[in-house]
Amino acid sequence: MAMTPHTAEVARLYQTEFIRSARAVGVLWAVCTLCFAIIEVVILIQPSWVGTREVHYQGGGPAPKTGTLGLFEVCVESDWPVPECRGSLSTLTPLPAFQSPAVLVCMSLTMVWASVGCLSLFRFCNAATVYKICAWLQLTAGFCLALACVLFPDSWDCADMRDLCGEGVTSFSSGNCSVHWAFVLALLGVLDAAILATLAFVLGNRQDALLPEDTKDVTGFLLSA
């Protein structure tokens, strides 16, 4: 059924507002995706997944070690201002006990940066298709990061953890240590990936559904213009 001039004008105004809102949300999603990719780099390289608790040394023996541990390095406080770090971050060789979590974080990082690279496809491909590709990449990244967060404490029963945190270390028990900000950031990254993937699916699948039925003819005309 043909629309009246008044209805067509209202539909065009509605469509203009809709496009503005969709673009604003899309830009916010893209910025958050880039921020998430940077956070993933920080999560991977920082040796602050686990750190020693504050201990009041009473004397009468060797002082307990203080420091932090990550996927690639163990850093112990020394008399120098800079802690002594042992590991191979420059060659991306993880600590032996944390190879599986490190590989999963690397996979998650790759997926997130791939979704950042896909942002350039908006100039050449259908926007809904690009959103869906990015959504699946971010969903996979979140799954890999979540699995890494589970496997990391499961791998605590190792020589590196016992050397830093004492003999009371077992799987899922950090002994004299506690989780530090990099591990907490990884947990927040899982939530961030889930939110970004959900938003990408919404932007990719629900654009037509957000419009009234009588404006879809105008929508198709405007988007093809």
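I began with Leu196, which counts as buried because its relative accessibility is 3%; buried here means under 20% relative accessible area, exposed means over 50%, and partly exposed lies in between, with a 1.4 Å probe and protein chains only. I noted that the model is predicted, that local features need pLDDT of at least 70 and side-chain atom pairs pLDDT 80 or more, and that totals for chains, interfaces and linings use all residues. I also noted that residues are numbered from 1 along each chain as its sequence is written, and that side-chain values use heavy atoms, with hydrogens and water left out.

**Entry: around Leu196**

I placed Leu196 in helix α5, residues 181-205; helices (H or I, at least four residues) and strands (E, at least two) are DSSP runs, numbered from the N terminus. Leaving aside neighbours within four places in sequence, I found Leu196 in contact with Trp29, Cys32, Thr33, Phe36 and Gln138, where contact means heavy atoms within 4.5 Å. I then looked up a C-alpha distance and found 7.2 Å between Leu196 and Ala135, which are 61 residues apart along the chain.

**Entry: the rest of α5**

Which residues of α5 are buried? I listed Ala182, Phe183, Ala186, Gly189, Ala193, Leu196, Ala197, Ala200, Leu203 and Gly204.

I looked at Leu203, which is also in helix α5 and is buried, with a relative accessible area of 9%. Not counting residues up to four places away in sequence, Leu203 touches Ala22, Val25, Gly26, Trp29 and Tyr131.

**Entry: α3 against α5**

I found that the axes of α3 and α5 come within 8 Å and cross at roughly 160°, the axes being lines fitted to C-alpha atoms, for helices over the stretch in contact, with angles running from 0 to 180 degrees between N-to-C directions. That makes α3 roughly antiparallel to α5, since angles over 145 degrees count as roughly antiparallel, under 35 as roughly parallel, 65 to 115 as roughly perpendicular and the rest as oblique. The crossing of α3 and α5 is left-handed, a term used if the near helix is turned anticlockwise from the far one by less than a right angle, with right-handed for clockwise.

By class, I read the contact of α3 with α5 as 20 nonpolar, five polar and one charged residue; Ala, Val, Leu, Ile, Met, Phe, Trp, Tyr, Cys and Pro count as nonpolar, Asp, Glu, Lys and Arg as charged, and the others, Gly among them, as polar.

I also looked up Thr140, found in helix α3, which is partly exposed, with a relative accessible area of 32%. The C-alpha atoms of Thr140 and Ala194 are separated by 9.4 Å, and the two residues are 54 apart along the chain.

**Entry: α2 against α3**

I turned to helix α2 (residues 99-117) and helix α3 (residues 127-154), whose axes come within 8 Å and cross at roughly 160°. That makes α2 roughly antiparallel to α3, and the crossing of α2 and α3 is left-handed. Among the residues that make the contact, I noted Leu104, Met107 and Met111 of α2 and Leu137, Thr140 and Leu151 of α3. The contact of α2 with α3 has 16 nonpolar, five polar and no charged residues.

**Entry: two loop residues**

Is Phe98 buried or exposed? I found that Phe98 counts as buried, at 0% relative accessibility, and that Phe98 is in the loop between β4 (84-87) and α2. Not counting residues up to four places away in sequence, Phe98 touches Leu69, Gly70, Leu71, Phe152, Ser155, Trp156, Cys158 and Met161.

Phe172 lies in the loop between α4 (159-165) and β5 (177-179) and counts as exposed, at 52% relative accessibility. I noted a positive phi of about 65° for Phe172, although Phe172 is not a glycine. Most residues other than glycine have a negative phi.

**Entry: the whole chain**

I recorded six helices and five strands in the protein, and 36% of its 225 residues count as buried.
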